Amino acid sequence: MRRMRATEGLRRLVRETRLAPEQLVLPLFVCPGEGVRREISSMPGNAQLSIDELVKECAEAKSLGLGGVILFGIPEHKDEQASGAYDDQGIVQRALRALKREVPGLVLITDVCNCEYTSHGHCGLVEGDDVVNDPSLEWLAKAAVSHAKAGADIVAPSDMMDGRVAAIRAALDRDGYTNTPILSYAAKFASCFYGPFREAAESTPQFGDRRSYQMDAPNAREAMREMELDLEEGADMLMVKPAMPYLDLLAKARERFDVPLAAYQVSGEFSMIHAAAQRGWIDLDRAMMESLISIRRAGADFVLTYFAKAAARAL
Ligand code: PBG
């Protein structure tokens with residue numbers, strides 16, 4: 001077995017999995033204001049960006065050849081109805097219009113969810129202590145349509161309400177956005193690895209947690225059901241999230257489904273690698289590349305990752 005490992009040339013020749021910049025999608029946080037670049041302490045190199053700064057960041061993403069960016073909004077006001085999520089003048093909608101104009105050709109994905117826009121930080125309408133399903137679908141559908149109208153190339157629902165893909169597909173089609181694809185966060189788990197993101201997006205739930213709608217970590221068969229349902233409802237692409245603790249599900253999904261498959265290397269996965277590297281316990285660049293290639297090897301076609309720019313540069 002060692003003969004083909006002897007030199008870098010030989011290893012390169014027989015490498016089974018490859019990584020390219022177009023397989024990387026960079027998550028970005030857009031906030032109100034001008035000239036704002038507010039560093040996120042738990043996510044080195046990431047910041048909340050005002051639209052003008054976001055445009056610069058996206059121009060760089062494009063010149064590095066990234067597959068696209070995914071936008072998260074930090075609105076001016078939050079309320080019980082998540083009204084900032086589906087406002088045509090909302091932060092993500094305004095960012096989309098600017099990016100379409102200033103950075104043409106870059107693939108713009110939007111995260112469709114309510115948690116950044118609700119005063120309580122949950123992903124849907126709250127009644128009592130409950131996040132109620134069907135009324136939340138209406139907000140999600142409205143948000144997806146307003147994103148498509150503002151220029152989103154792909155909408156990506158991450159809320160984990162039942163039936164959201166069907167509701168979004170129907171609303172997009174009704175309003176003439178029949179060509180806007182849906183990337184469904186189909187198997188999204190209630191994970192502690194979202195911790196740093198909640199600082200970044202200011203979306204920590206004010207009470208309770210997300211376990212009544214996000215998936216329970218031990219469940220693999222249920223994840224396949226979630227994916228099957230989302231495909232039936234009209235999803236064009238499926239996502240597994242987080243990535244590294246759920247590589248088995250990526251491999252299973254790869255065998256089962258022929259649609260494009262994405263994985264989200266989430267904030268906690270990114271921050272852990274940085275934290276260990278800061279202490280000199282692991283090598284940052286090697287950990288970055290090894291984690292990304294493992295996600296590709298498991299079966300992901302593309303990876304949403306805060307390492308997107310650094311990895312593209314290294315490639
Ligand atoms: C919104 C959303 C979250 C993430 C992506 N979309 C947070 C959550 O569900 O709590 C997490 C991304 C990350 O940790 O990098 N619902």
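Let's start at the ligand. A polar side-chain atom of Tyr-306 sits 2.6 Å from an oxygen atom of the ligand. Keep in mind that this is a predicted model. Ser-267 also reaches a ligand oxygen atom, with a polar side-chain atom at 2.7 Å. On the nitrogen side, an N or O atom in the side chain of Asp-111 is 3.4 Å from a nitrogen atom of the ligand. How many residues are around the ligand, and which come nearest? There are 18, and the nearest are Lys-188, Arg-198, Lys-241, Ser-267 and Tyr-306.

Stay with Tyr-306, and look at its ring. Tyr-306 pairs with Tyr-264. The centres are 6.1 Å apart, the planes make 45°, and the pair is tilted. Where do the two residues sit? Tyr-264 is in strand β11, residues 261-265. Tyr-306 is in the loop between β12 (302-305) and α11 (308-314). The pair therefore ties together parts 42 residues apart in sequence. Tyr-264 and Tyr-306 are both buried.

Now a second pair, Phe-270 with Phe-307. This one is tilted too: 4.6 Å between centres, 55° between planes. Phe-270 belongs to helix α9, residues 267-278, and Phe-307 to the loop between β12 and α11. That links parts of the chain 37 residues apart. Both Phe-270 and Phe-307 are buried.

Let me widen the view. The whole structure has nine aromatic pairs.

Next, Lys-241. Which rings does it meet? Its charged end sits over the ring of Tyr-194, 4.4 Å from the centre. Lys-241 also lies over the face of Tyr-264, at 5.0 Å from the ring centre. And recall that Lys-241 is one of the residues nearest the ligand.

The backbone is worth a look here. Most peptide bonds are trans, and most residues other than glycine have a negative phi. The bond from Lys-241 to Pro-242 is cis, with omega near -10°. Pro-242 is in the loop between β10 (237-241) and α8 (247-256).

Ala-82 is not a glycine, yet its phi is positive, about 55°. Ala-82 sits in the loop between β4 (68-73) and α3 (91-102). Its relative accessible area is 0%, so Ala-82 is buried. Then Met-160, with phi near 70°. Met-160 is in the loop between β8 (154-157) and α5 (164-174). Its relative accessibility is 4%, so Met-160 counts as buried.

From Ala-82, step to Asn-114, which is in contact with it. Asn-114 is in the loop between β5 (108-112) and β6 (125-127). Buried or exposed? Asn-114 counts as buried, because its relative accessibility is 0%. What does its side chain do there? A polar atom of that side chain lies 2.9 Å from the backbone oxygen of Cys-123. Other contacts of Asn-114 include His-122, Ser-136 and Trp-139.

From Met-160, step to Glu-226. Leaving aside neighbours within four places in sequence, Glu-226 contacts Met-160, Ala-186 and Met-215. Glu-226 is in helix α7, residues 221-233. At 15% relative accessibility, and with the cut-off for buried at under 20%, Glu-226 counts as buried.

A polar atom of its side chain lies 2.7 Å from the backbone oxygen of Ser-42. Beyond four places in sequence, Ser-271 touches Ser-42, Met-43 and Pro-196. With 11% relative accessibility, Ser-271 counts as buried.

Last, the nonpolar core. The largest has 114 residues. Phe-29, Leu-54, Val-69, Leu-183, Met-227 and Leu-250 have the most contacts inside it. Helix α4, residues 133-150, gives the most to this core: nine residues.

Over to you for questions.

Technical notes: Residues numbered from 1 in each chain as written. Predicted model: local features only at pLDDT ≥ 70, side-chain atom pairs only at ≥ 80, totals over all residues. Heavy atoms only, no water. Core = buried A, V, L, I, M, F, W, Y, C linked by side-chain atoms within 4.5 Å. Buried < 20%, exposed > 50% of the residue type's maximum accessible area, 1.4 Å probe, protein only. Helix = DSSP H or I, 4+ residues; strand = E, 2+ residues; numbered from the N terminus. Phe/Tyr/Trp six-rings, centres within 6.5 Å; stacked < 30°, edge-to-face > 60°. Lys NZ or Arg CZ within 6 Å of the ring centre and 35° of its normal. Polar contact = N/O pair within 3.5 Å; in protein donor to acceptor, adjacent residues only side chain to side chain. Contact = heavy atoms within 4.5 Å. Near = heavy atom within 4 Å.
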